[in-house]
Amino acid sequence: MTDARLKEHGDQTTRAALASVSMALFLLALKGYAAWRTGSVAMLGSLADTAIDLMASLLTLYGVRLAATPPDHHHRFGHGKAEALVALAQVALIAVSATGIMWRAVERLRTGGETAQAELGVGVSLLAIAATFLLLAYQRRVIARTGSVAIKADNIHYQSDLALNGSVIAALALDHWAGLRGADPLFGIGIALWLAYGAWRASAHALDQLMDREWPEEKRQRFVELANAQAGFRGIHDLRTRTSGSHDFAQFHAWVDPSMTIAEAHEIVEAAEAALERAFPGAEVLIHLDPEGQVDRAGAHDEELRETPET
């Protein structure tokens, strides 16, 4: 990834993270007042989730700024994995939040209690839903441009907020107006379970990056087809791919004519790397040349790569 592209990525993800922090501060103040006046466990759960969102958003802001830092002497591959580490920290915060909400809801079921000023809680939840929709739309645009795993994790938080706020409305309505006194803590338990599920979803992608999981099969196959089609290549093998933040890395061996000169081989490699990096923006491609037919070491899925491209 070029320095200019890295800066553009960093600027976009930083703006998205700042928008998330601002939204979390606004919702925290709004829901804090509503939770205090209504005494609703569901609203308390929504407040706790927003507090977690604020901490997660601050972590995201730090993570995306670090991930956008150019490679240095100690981090030759860049700092992209900072985003995955931030995503895992967010998961830990969500898990703590879900545990606290579950405990409070069970306690409320055991001891009883009533909610108050349901109108205020409903109004606050509707306002939170409208504000969250705006943030989600903006985050999705940034994710589409950058593929940021940290912004993706943050986006999952706010997706859950929509369900949380809808649950608060339903809980207050059933508890306060329909007289179903157990509805509010039961919805609180449901919110806690939803948060736990969101944490599990957010962790999967981050762990894939930290463990250097191969690209998705469809993306990998597109790369194979384009690599095999490069001028001068007579097939490829030992393809290895991974992702770090918004950075993709791919390396493979390519067969060429054994009689080719070093200068000719260099030109072919330079052209192929440029073509592949154009087709896969943000990717860094490394190609090793072998005389046709030679395999230095076998890599995963090599059988599907050894087909010589049609001429």
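Hi everyone, let's start with helix α7, whose buried residues are Arg220, Phe223, Val224, Ala227 and Asn228. Seen down the helix axis, these buried residues fall within an arc of 125°, so they line one face of α7. That arc is taken from the directions between the helix axis and the C-beta atoms. "Buried" here means under 20% relative accessible area, "exposed" means over 50%, and "partly exposed" is in between, using a 1.4 Å probe and protein chains only. On the other side of α7, Glu218 and Glu225 are exposed.

A quick word on the model before we go on. This is a predicted model, where local features need pLDDT of at least 70, side-chain atom pairs count only at pLDDT 80 or more, and totals for chains, interfaces and linings use all residues. Residues are numbered from 1 along each chain as its sequence is written, and side-chain values use heavy atoms, with hydrogens and water left out.

Helices (H or I, at least four residues) and strands (E, at least two) are DSSP runs, numbered from the N terminus. What span should the twelve residues of α7 have at 1.5 Å a residue? The expected span of a helix is 1.5 Å times one less than its number of residues. For α7, residues 217-228, that gives 16 Å, and the end C-alpha atoms are 16 Å apart, which agrees.

Now, the sheet. Three strands form an open sheet in the order β1-β2-β3, and the pairing is mixed. The edge strands are β1 and β3 (283-291), each pairing on one side only. From one strand to the next, the twist averages 10°. Two strands count as paired if DSSP finds at least two bridges between them. Strand β1 (residues 236-244) and strand β2 (residues 247-256) pair in the antiparallel sense over seven bridges. If you want to find that pairing on the screen, look for arginine 242, which stands opposite phenylalanine 249 in β2, and for threonine 243, which stands opposite aspartate 248 in β2. Is β1 mostly covered or mostly uncovered? Mostly covered: eight of its nine residues are buried.

How do the helices sit on this sheet? α7 lies across β1, β2 and β3, running at about 135° to β1. Helix α8 (residues 262-279) lies across β2 and β3, running at about 150° to β3. For these angles, axes are lines fitted to C-alpha atoms, for helices over the stretch in contact, and the angles run from 0 to 180 degrees between N-to-C directions. Contact means heavy atoms within 4.5 Å.

Most residues other than glycine have a negative phi. Yet aspartate 212 has a positive phi, near 55°, and aspartate 238 has a positive phi of about 55°. Aspartate 212 is found in the loop between α6 (183-210) and α7, and counts as partly exposed at 33% relative accessibility. Aspartate 238 lies in strand β1 and counts as buried at 1% relative accessibility.

On to charges. Side chains of opposite charge can pair when their charged atoms come close. A salt bridge here is a side-chain nitrogen of Lys or Arg within 4 Å of a carboxyl oxygen of Asp or Glu. How many salt bridges does this rule give? The count comes to six. One of them joins aspartate 248 and lysine 219, with the closest N and O atoms 2.6 Å apart. That pair links distant parts of the chain, with aspartate 248 in strand β2 and lysine 219 in helix α7, 29 residues apart. Aspartate 248 is buried, with a relative accessible area of 8%.

Glutamate 214 and arginine 220 also meet in a salt bridge, at 3.1 Å from N to O. Glutamate 214 is partly exposed at 31%, whereas arginine 220 is buried at 1%. Aspartate 238 comes back here too: its salt bridge with arginine 240 has its closest N and O atoms 3.2 Å apart. Arginine 240 is partly exposed, at 37% relative accessibility. Salt bridges that share partners also join Arg234, Asp257 and Glu292 into one network.

Last stop: lysine 31, in helix α1 (residues 3-38). At 0% relative accessibility, lysine 31 counts as buried. Leaving aside neighbours within four places in sequence, lysine 31 is in contact with several residues, among them Met43, Leu47, Val124 and Asp161.
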